[in-house]
Amino acid sequence: MKRSPTGTGMPSLDTRAILADARRELALPSRRAFGKRVLTLGGLLMLTGCSLTDEKSVNAFLMSVSRMNDRIQAWLFDPTRLAPTYSEAQLTRPFPFNAYYGIDQVPEVDADGFVLKLSGLVTGKRNWTLSELYALPHAEQITRHICVEGWSAIGHWGGTPFVDFLHRVGADTSAKYVGFKCADDYYESIDMASALHPQTLLTFQYDGQTLPPEYGFPMKLRIPTKLGYKNPKHVMEIFVTNTYPGGYWSDQGYNWFGGS
Ligand SMILES: Nc1nc2c(c(=O)[nH]1)N[C@H]1C(S)=C(S)[C@@H](COP(=O)(O)O)O[C@H]1N2
Ligand SMILES: [Mo]
C-alpha cells in the first residue's frame, strides 16, 4: 500500500483534502504569521499535537487548527487599528437583511417592558430599560459590514461606544469574553480586546432612525473589525465571562475570532 507522503500513517484518509480544510481554517490575516513549512499537514499536526487516525480525529484536528487561528488572530489584532469609514453618499441602499431564517420570521421584540439583562463578571446595574440606554453618550458610524456568504454593504449605525458601556456597568475588562444572547436562537461572543475597540458600538439606530426589526431591534452590536456573523442582532442579555461561550455559527464550524 502506498504510504502517505505527509507521514500521517493513514493512507485511507484524504490528506490533501484535510490539508485544504486546515488551510482554510487558517484564514487571513493569520496566514501572514506562518512560514510555508508550517502550512504543511505535518507542520500543522506538530503545532496542534494531533495525530490523524480516523474521521473523528480529523474533526478534532480541524477544530484545534481553528482555535489556534483564534489565538493567532487575537494576537495579531491591533486594538488601535481602525476599520475604514465611508461617506453618506457611499451607503448601500437598501441595506441587505440576513439571518439564519427568512425576513418573515424576524423576532418582534416589544419595546414596552424591555430590559437588557447584564450578567457574569459585572458589578454594576443589572437591567437597563431602552430609555436609559438611549440616554447614553451617542456615536455614529458609517462602516462596511462583511458577510461570509459573499456580500458586503456599507451602513450607518448609531449607538453608544461599547467600551464606555462596559466601564459604566462595572464589567471586569480583564476577563476573556463578552457574550450575547439574542431574542431568536442566536448567540455570540467576542474577545475582550475587540469589545474594548473604539469602533465597537452598541447600536440602537439605523440611518438615523430607531433600529428596525429586520436589522436587530432593540439593539445590534456593531463591530466593524469583525465579520457579519460576529454582530449579534436583537441582543437581550450581555454577559462577561472567562469561560469560552462559542457562537451560533462558530459552533457549526466557522472560525470564532471572525476578523474582517
Ligand atoms: N440575532 C441574530 N443576529 C445575527 C444573525 C442572526 O441570524 N440572528 N445573523 C448574523 C449575520 S450572518 C449577518 S450577515 C448579520 C446581518 O445583519 P443585517 O440583517 O443587519 O444585514 O447579522 C448577524 N447577526
Ligand atoms: Mo453573515
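Predicted model: local features only at pLDDT ≥ 70, side-chain atom pairs only at ≥ 80, totals over all residues.
## Ground rules

Local features here need pLDDT of at least 70 and side-chain atom pairs pLDDT 80 or more, while totals for chains, interfaces and linings use all residues. Residues are numbered from 1 along each chain as its sequence is written, and side-chain values use heavy atoms, with hydrogens and water left out.

## The five-stranded sheet

Strands (DSSP E runs of at least two residues) and helices (H or I runs of at least four) are numbered from the N terminus. Two strands count as paired if DSSP finds at least two bridges between them. On that basis, five strands make an open, mixed sheet in the order S2-S1-S10-S5-S6. S2 (127–129) and S6 (187–191) are at the edges with a single partner strand each, so one side of each has no neighbour in the sheet.

S5 (residues 177–182) and S6 run antiparallel, joined by five bridges. Phe180, for instance, has Glu188 in S6 as its bridge partner.

## Nonpolar cores

A nonpolar core is a set of buried (under 20% relative accessible area, 1.4 Å probe, protein chains only) Ala, Val, Leu, Ile, Met, Phe, Trp, Tyr and Cys residues joined through side-chain atoms within 4.5 Å. The largest one has 29 residues, and those with the most contacts inside it include Phe162, Val178 and Ile238. Among the elements supplying at least two residues each are S1 (115–120), S5 and S10 (235–241).

A second, separate core of 16 residues includes Ile18, Leu52, Val58 and Met68.

Note on methods:
Chains lettered and ligands numbered in written order. Buried < 20%, exposed > 50% of the residue type's maximum accessible area, 1.4 Å probe, protein only.
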